[in-house]
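Work through the exercises below with the sequence and the model open. Each task is followed by a solution in steps.

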Amino acid sequence: MSLRQFISLRKILRPFHFIKDSATLGWNEVAGLFGLNDDVFHNPAHKKIAKPVTVVLIGAGHRGTIYADYARLFPGEMQVVAVAEINAERRKRTARTHKLDDTVCFKNWEEVFTREKFADAVIIATPDFLHTQPCLAALEKGYDVLLEKPIATTEEECRLILQKAKQTNRIVGVCHVLRYTPYFRELKEIIDAGLIGDIISIHHMEPIEHIHMSHSYVRGKWKNSLKTAPIILAKSSHDTDIIRWLVNNPVHDVHCFGNLRWFTNANAPEGCTDRCTGGCKVEQTCPYSALQIYYRDRKRLYVFDLPDQKHTWDQYILEQLETTDYGRCVYKMDNDQPDHLTVNMLFENGVTAGFSMEAHVSYEGRRTRIMGSKGDITGDMESFVMTSFKSRKQTSWSLKTDAHGGGDHRLVRDWVQAIYQQEPGLLSSSIDVSVESHLVAFAAERSRLKRTIEDIKL
Ligand SMILES: NC(=O)c1ccc[n+]([C@@H]2O[C@H](COP(=O)([O-])OP(=O)(O)OC[C@H]3O[C@@H](n4cnc5c(N)ncnc54)[C@H](O)[C@@H]3O)[C@@H](O)[C@H]2O)c1
């Protein structure tokens, strides 16, 4: 049996409870029983690529490197032909990996667009505030684009990009990686197949995990909403998008409460110093000790551009903690992002959704509850259980994936195919819908600050 046949069979059999009550097998394991080790979410609309799609990488940091890595793994599908990166180390590393000579290694994004178009597309993975200009320039020059989320940091700029994409008729894929995770794909298929009837309401939670919060939104790149983007956009635009995608209807009204409750000066323990390396009296007991996280546990080190020689790391990490924000006390930062918030959404079709973003949790992985007219679903990003109201039958599903739920490279694959076939419909989201879900996040932030209920109008 081919993988495609297996997928069709799976769809036909699902209503008949092909997977037994409380089965523990995931679809990947079930496929394995049939001797099928491929991706069960293979898209039959994908075509064999005769000539790799050529790409310029703009911003070779954490995310850009992950997307560009697709070219290393699948050289027949995508080829990185140039890089633009202000950090010399990252530029060199990318040049080494993708075998680029100096003539195609640019020191900033502007240089790329001083030349005539020389590739099919660009990947834009620069910081949040630096998405709009390169994206507009790329569209103007006739490139297709893969754009990191958030699309832009203001509503006006999001609309500008939407307008330019339409005017130039180019493809803009937005990195809604959650849509490409097997977990959310399966949820979407089940909902669209009507297995829980009409959606009545959704409750969705994004647990950020407290160390992740301290790393990114207290000490890190997104600590200040004015310099980057409000956390509801920077972190949770994935969630406003995924909820809108599952409901498959525009949001009408939004309301939000939330604040910065814990990571403030008022909660600084007695004896703490400006840096964890400065003789802090509570360093040994503080869950946010930078010495513990980065130096002893060696976690989240990707922000430091570690040297190749591992024996120098001890000294190097200590220097980073003494000189960068990652070594500063979490209670003495210039941060303003809320560490908890709740959003209420009312969709045009009457569905309601409650979303909460929580920093003070020990775990990661979205928690989802979907209430339908014929059944419900509860899930935690690795597995979910669907219960039918009539039969009381429960169907469970599980799949182990990486931290992003396996979505990153599936997203790149669809995007490469969309460009190769010049078919934007191959992307999970159109730029219109992506902008719409960003508008929900902007509206939620306005509501949080002004204590209003906000309308959404594209
Ligand atoms: N889709 C997701 O799940 C997800 C997850 C994390 C971050 N992001 C987003 O991805 C983007 C990049 O985040 P990151 O964590 O990779 O950050 P990063 O800092 O690791 O990477 C950004 C890179 O852009 C480079 N850069 C800055 N100015 C430049 C310029 N003028 N020209 C060329 N390059 C320039 C920086 O030197 C850096 O290497 C951000 O918008 C972020 O919000 C998305």
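**Exercise 1. A helix with two faces**

Which elements are included in what covers the buried residues of α4?

Solution. The model is a predicted one.

Step 1. The cover over the buried residues of α4 includes β1, α3, β2 and β3 (105-106).

Step 2. Find the residues under that cover. In α4, residues 88-98, R91, T94 and H98 are buried. These residues span an arc of only 65° around the axis, which puts them on the same side of α4.

Step 3. Compare the spacing with the helical repeat. An α-helix has 3.6 residues a turn, so residues three or four places apart point the same way.

Step 4. Turn to the opposite face. The exposed residues A88, E89 and R96 are carried on the face of α4 that is turned away from the buried side.

Step 5. Look past the end of the helix. K99 follows α4 and has a positive phi, near 55°.

**Exercise 2. The nonpolar core**

Which residues of the largest nonpolar core touch the most other members?

Solution. 

Step 1. The largest nonpolar core has 116 residues, and those touching the most other members are V55, I58, V122, I123 and V145.

Step 2. Helix α15 (residues 431-450) gives the most to this core, with eight residues.

Step 3. Take I123 and leave aside neighbours within four places in sequence. I123 is then in contact with V55, L57, I58, G64, Y67, A68 and L146.

**Exercise 3. The nine-stranded sheet**

Write down the strand order of the open sheet of nine strands, explain why β14 and β15 stand at the edges, and say which helices pack on the sheet.

Solution. 

Step 1. The order is β14-β13-β12-β11-β7-β10-β9-β8-β15, and the pairing is mixed.

Step 2. β14 (394-398) and β15 (454-455) each have a single partner strand, so one side of each has no neighbour in the sheet.

Step 3. β15 runs antiparallel to β8 (residues 251-259), and two bridges join them. D253 stands opposite D455 in β15.

Step 4. Helix α8 (residues 182-192) packs on the sheet and touches β7, β11, β12, β13 and β14; its direction makes about 180° with that of β12. Helix α11 (residues 237-247) also packs on the sheet, touching β7, β8, β9, β10 and β11, and its direction makes about 160° with that of β7.

Step 5. Go on to the segment after β15, where K457 lies. K457 is exposed, with 9 other C-beta atoms within 10 Å. K457 and V251 are 206 residues apart along the chain, yet their C-alpha atoms are separated by 8.9 Å.

**Exercise 4. Backbone exceptions**

Where is the cis peptide bond, and where is N248 found?

Solution. 

Step 1. Start from the rule: most residues other than glycine have a negative phi, and most peptide bonds are trans.

Step 2. The cis bond joins K149 and P150, with omega about -5°. P150 lies in the loop between β5 and α7 (155-168).

Step 3. N248 is in the loop between α11 and β8, and its phi is positive, near 60°. N248 has 14 C-beta neighbours inside 10 Å, so it counts as partly exposed.

Note on methods. Residues numbered from 1 in each chain as written. Predicted model: local features only at pLDDT ≥ 70, side-chain atom pairs only at ≥ 80, totals over all residues. Pairing = 2+ DSSP bridges. Helix = DSSP H or I, 4+ residues; strand = E, 2+ residues; numbered from the N terminus. Contact = placed C-beta atoms within 7 Å. Axes fitted to C-alpha atoms, helices over the stretch in contact; angles between N-to-C directions. Core = buried A, V, L, I, M, F, W, Y, C linked by C-beta atoms within 7 Å. Buried ≥ 20, exposed ≤ 12 C-beta atoms within 10 Å, placed from the backbone. Arc of directions from axis to C-beta.
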